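Subject: Structure handover

Hello,

Here is the structure we talked about. Please load it first, then read the notes below.

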Amino acid sequence: MTVIVRFAPSPTGNIHIGNARTALFNWLFARQRGGRFVQRFDDTDVERSRQEYADNILTDIAWLGIEPSVVEYQSKRFAVYEAAIAKLKAAGLLYPCYETAEELDLKRKVRLTRRLPPVYGREALKPTAVERARLEAEGRRPHWRFLLPNFDTDPFSTRRTEVTWTDLVRGEETVDLASLSDPVLVREDGTYLYTLPSVADDIDFGITHVIRGDDHVTNTGVQIALFKALGAEPPAFGHHNLLTAVTGEGLSKRSGALSIASLRADGIEPMAVASLAVLTGTSENVVAARDMAELAGRFDLASTSRSASKFDPADLLVLNRTLLHGMDFAAVAERLAALGIAGARAEPFWLAVRGNLDRLADAAGWWRIVTQGPTQAPDLSDEDRAFLRAAFDLLPAAPWDGTTFKAWMDQVKAVSGRKGKALFMPVRLALTGLPSGPELADLLPLLGPEGTQARRP
Ligand SMILES: Nc1ncnc2c1ncn2[C@@H]1O[C@H](COP(=O)(O)OP(=O)(O)OP(=O)(O)O)[C@@H](O)[C@H]1O
């Protein structure tokens with residue numbers, strides 16, 4: 001059986017790190033099994049959905065390293081949903097309801113005072129065709145409810161009907177359908193709620209595993225019933241925990257907080273985002289994976305925690321540094337060239353500075369220092385200046401390599417009697433203008449005899 005998964009956001013904003021967790025869980029799950037990944041946009045809500053957001057989401061998932069087999073839009077698939085609606089109606093499993101919101105609210109209150117569960121009492125199953133015609137004549141339009149399979153049309157019944165499944169994350173799960181109202185699938189204006197298009201598409205695309213946040217657990221009880229009502233075998237389900245901000249606050253596409261686009265703009269590497277999005281709230285250590293293959297090797301859906309996990313953006317910088325420090329020149333050459341870092345010195349420069357970077361773009365600052373000199377004049381005492389002038393007189397002859405700095409310092413030490421910080425710090429300040437940075441042994445050959453002499457105080 002080919003594994004087919006899907007990531008199905010509504011294109012109503014930019015996806016955040018929590019949505020990325022869902023996308024990546026699906027992608028890694030499929031990748032581990034040689035499966036396929038369907039990118040589906042749940043854009044039936046035309047008011048809130050925008051193509052621009054869908055395009056941004058495609059950019060974001062591509063940046064994270066996800067390659068969908070196919071991209072689908074629910075707004076282009078109404079024929080499929082109409083066919084499913086017709087099937088349910090023919091089976092007597094979809095019924096028209098004419099109650100207004102106020103009437104429903106009143107009914108709910110009546111049930112509560114009678115100590116009955118505040119679910120819809122299926123009163124709309126009772127009216128005859130004549131009564132419905134009268135309501136239509138009054139100008140009322142029905143919304144349509146799916147008759148949940150508890151085969152109990154007594155509005156005051158409390159009989160339980162449980163739907164169970166073995167969740168890929170949470171193990172045995174049960175939803176009691178008797179505790180739920182028959183869900184509205186189609187609104188008065190003919191628009192669809194989330195439930196039916198999602199199930200109809202999962203059937204149509206042959207989705208084998210639905211992996212999503214645990215905000216959907218209750219939906220799954222209803223959806224399993226709907227799969228069956230439409231004559232389809234339900235897929236396997238896995239509900240992972242949600243990520244929250246450090247404050248415990250939930251994430252929302254609309255707020256834009258921790259959006260993938262903002263993290264990209266902030267210069268965070270995609271594998272730092274992917275590693276944190278996937279490994280937070282699992283039994284794995286949150287250590288940066290260099291690529292998807294490595295992350296896939298450390299991903300296990302079943303090891304995900306059941307409770308919400310806090311996500312600390314500060315951890316991203318730590319992962320980012322680790323990734324940059326181990327990155328080969330070939331992996332960054334193009335991006336460095338875009339920063340103007342190119343030519344024969346680009347590779348040794350990268351190897352010299354990568355260990356000092358928080359973000360790749362920080363390399364530009366070091367490149368400026370190496371090629372043009374310190375951005376600010378070093379703060380040196382007269383004594384240090386005199387020491388440096390004597391030291392610069394001792395610079396070895398060309399050609400220079402990785403051993404030159406040590407040879408130079410050995411001589412300066414012997415002549416000046418300075419050692420440790422007193423020896424190295426004035427040299428570092430003279431060469432870079434900064435009190436810390438890359439190894440001077442690596443920087444010196446990059447500066448070359450001319451560049452070094454130009455820094456003589
Ligand atoms: N904080 C979160 N952590 C992990 N997964 C999440 C989180 N929020 C949403 N998801 C998952 O992301 C997927 C896409 O969800 P959806 O498009 O409904 O986004 P949303 O962020 O929940 O919605 P909203 O647009 O209301 O902010 C769903 O599978 C959902 O379970």
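Start just after helix 14, where G373 takes a positive phi of about 105°. Helices (H or I, at least four residues) and strands (E, at least two) are DSSP runs, numbered from the N terminus.

Two points on conventions. Residues are numbered from 1 along each chain as its sequence is written. This is a predicted model, so local features need pLDDT of at least 70 and side-chain atom pairs count only at pLDDT 80 or more, while totals for chains, interfaces and linings use all residues.

Confidence: the protein averages a pLDDT of 94, and 98% of the residues score at least 70. pLDDT is the predictor's confidence in each residue, from 0 to 100. The model has an ipTM of 0.95 and a pTM of 0.91.

Helix 14

Helix 14 spans residues 363-372, and its buried residues are A363, W366, W367, I369 and V370. Buried means 20 or more other C-beta atoms within 10 Å of the residue's own; exposed means 12 or fewer, and partly exposed lies in between, with C-beta atoms placed from the backbone.

The ligand

The ligand is surrounded by 19 residues, and the closest are P9, G18, R212, G213 and L242. A residue counts as near if its C-beta atom, placed from the backbone, lies within 6 Å of the molecule. Helix 1 (17-32) and strand 9 (209-213) each supply at least two residues of this shell. Helix 1 gives the most, with four.

An unreviewed UniProt entry annotates residues 9-19 as a short sequence motif, the 'HIGH' region. Such annotations may be inferred rather than shown by experiment. This stretch is 27% helix and 0% strand, with its end C-alpha atoms 8 Å apart.

I15 lies in the loop between strand 1 (4-7) and helix 1. I15 counts as buried because it has 24 C-beta neighbours inside 10 Å. Beyond its neighbours within four places in sequence, I15 is in contact (C-beta atoms, placed from the backbone, within 7 Å) with P9, A20, I57, D60, K253, S259 and I260.

Best wishes

Key: Contact = placed C-beta atoms within 7 Å.
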